[in-house]
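Have a look at the structure first, then read on.

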Amino acid sequence: MGHSGTVPKGDSRSSREEQSLIVAAGILVHDQQPSKASRAFPAKGVELNADCSRNTKKNMIISIASGKGGTGKTTIATNLAVALGSKARLLDCDVEEPNDHIFIRPHVNHTETVSTKVPQVDMNKCTLCGRCQEICQFQAIVVVGKTALTFPELCHSCGGCVQVCPEDAIAEIDKEMGIFESGNRDSLGFAHARLFVGQVMAVPLIDRVRAAAEPDKINIIDAPPGTSCPVISSVKGTDFVVLVTEPTPFGLNDLKLAVGMVKILGIPHGIIINRSDLGDTGVTEYAEKENIPILMEIPFNRLIAQTYSNGKLLVEELPDWKDRFVQLYEEIKDHATKP
Amino acid sequence: MQRNHDIKELIVISGKGGTGKTSLLGAFASLATDKALCDADVDAADLYLILEPEIRKRQDFQEGHRAVIDQDRCTECGLCRDLCRFHAISPDFKVDPIECEGCGVCVHFCPVEAIDFPIKTCGELFISETRCGPMVHARLGIAEDNSGKLVTLTRKEARELAKNRGLGLILTDGPPGLACPVIAAIAGAAAVLIVTEPTLSGHHDMDRVVELANHFEIPASICVNKYDLNPDMTGVIEQYAKERGLPILGTIPFDPIFTKAMVQNQTIVEYDRRSQGAEVVIEIWEKLVAGFCLQKG
């Protein structure tokens, strides 16, 4: 199989001509607010101490995360989503290395370029006063000699330079960060985004994917590995975090970091142990001690590994897994709605 | 400054997480001489678990600022909330420390100067001795940002350490992914080794980091871990590498010994040098040394 086999069907839509057609047709909607400003349910995410009664609303957002990479987030997210079918929506927030589409093979019916705002200085108006340089915390705009230089890759799109410029010499232009795509696989809704290679900031793309959540669905978010900004952006404001780990010293170390993160965010969480028979008892003991529910254990099995390696779904190749994932959802729902 | 050119740095990356970067780098640490070690996966640093460092020096990593509204001075005019693009300020004028980007716009424009802007401590950096040589590693604070800058600082400290000790090589464990921490980890490296696995996901992610390495003009080579879990996919990856002129330095079999060694806090070479897995890893290391002149003499 050639490498092109891994690219989703609708990818050809991302060609520039077609994008401009979409723009012309008024379909392409750029985020007017950059970065963290655009959330599906902004009221939930913004105030950390917001009252918890919102958590009892009809449908939920479940995020799948892990400190350590390669523990099985994608396996859990894709199989859970497909097991739930039309009730679910799968949102792949690992915009650096999105993989869900490999398993889902979605029919993509919407493609758009995601941009952030970066400054552009009109040198006819600029008096080289340097106030933009002073306010910028990210060294993204610098006055050198007789010109003001911008470094778009360092810009966080805060708009400070535009606000502070006394000559009104700074405008904001779009910088393209990546591609967002949405579509479906039969009745299952799907969205993901792909950061352009060489781009530094993943968060604006993650925000775009999260904006594709639907309030009447079970939204399943596949988060990137780690515990820093891209992960926070992916799991913040969700109703439950599933932490996927493996029973090894590395798995345990990174699980502890991930638990620390979800505790700061105040989100109910549970653990799935993958390759549960390869390692030691450290993770189980930790979960017991911390009173974190173990939602599922998946032993190492060559058949499972091969199914995954070929981009196939457990719920389709190994029939009894469908029930297990439906059951997993029921268990998550119980834990998420517990007071 | 000129001496820096004598120090070579090899970075192990993967795109996809969990392909075996740290186990492999640990094994190289057992094999290499005349080197410093650097864990640039500051988000989830694991190398220290194998190498059990004796920490000699620790320092706070301070980077960026965070806005804090002084409720006594605040007149609740609302300008900060209008200007903040990150929705970080609540209706009762508290700054959410997680949403705050540290841009300082609210601080600058507050008409009554009610917003303080203290510097943030985002993590810690450690310089240690290990049985395999000196090591620099770091820990990003939980839910903190600036991971790319901490990666850069960690690598800089490792370079400094190598320079002071007259060591010619730095072995760096890189983070997964493609964005800022990875870019910070590979910039200016002598070579990257990409560890992949024979899965469609591993292949897809490897393709993106290969493109990234090309973008920054860093020579890349590849090894396939757990190759026998899907020999056909390994073949596809080998073909891919051949077409792009990327050397495949080895294919490592699936061997539970990697996990057993980790559980014992040992590198796979220390645990069982004669195991199938260790033998292939030793071969990969020898090819790296020869290919990039990583070791003197």
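Two strands count as paired if DSSP finds at least two bridges between them. Helices (H or I, at least four residues) and strands (E, at least two) are DSSP runs, numbered from the N terminus. This is a predicted model, where local features need pLDDT of at least 70, side-chain atom pairs count only at pLDDT 80 or more, and totals for chains, interfaces and linings use all residues. Residues are numbered from 1 along each chain as its sequence is written, while chains are lettered from A and ligands numbered from 1 in the order in which they are written.

**Chain B**
- In chain B, nine strands make an open, mixed sheet in the order 3-6-7-2-8-1-9-10-11.
- Strand 3 (54–65) and strand 11 (248–252) of chain B sit at the edges with a single partner strand each, so one side of each has no neighbour in the sheet.
- Strand 1 (residues 8–13) and strand 9 (residues 191–196) of chain B run parallel, joined by four bridges.
- Opposite B:Ile13 you'll find B:Ile194, in strand 9 of chain B.

**Chain A**
- Chain A has an open sheet of nine strands too, with mixed pairing and the order 3-6-7-2-8-1-9-10-11.
- Its edge strands, strand 3 (107–121) and strand 11 (294–298) of chain A, each pair on one side only.
- Strand 9 (residues 240–245) and strand 10 (residues 269–274) of chain A run parallel and share five bridges.
- A:Leu243 faces A:Ile271 of strand 10 of chain A, standing opposite that residue.
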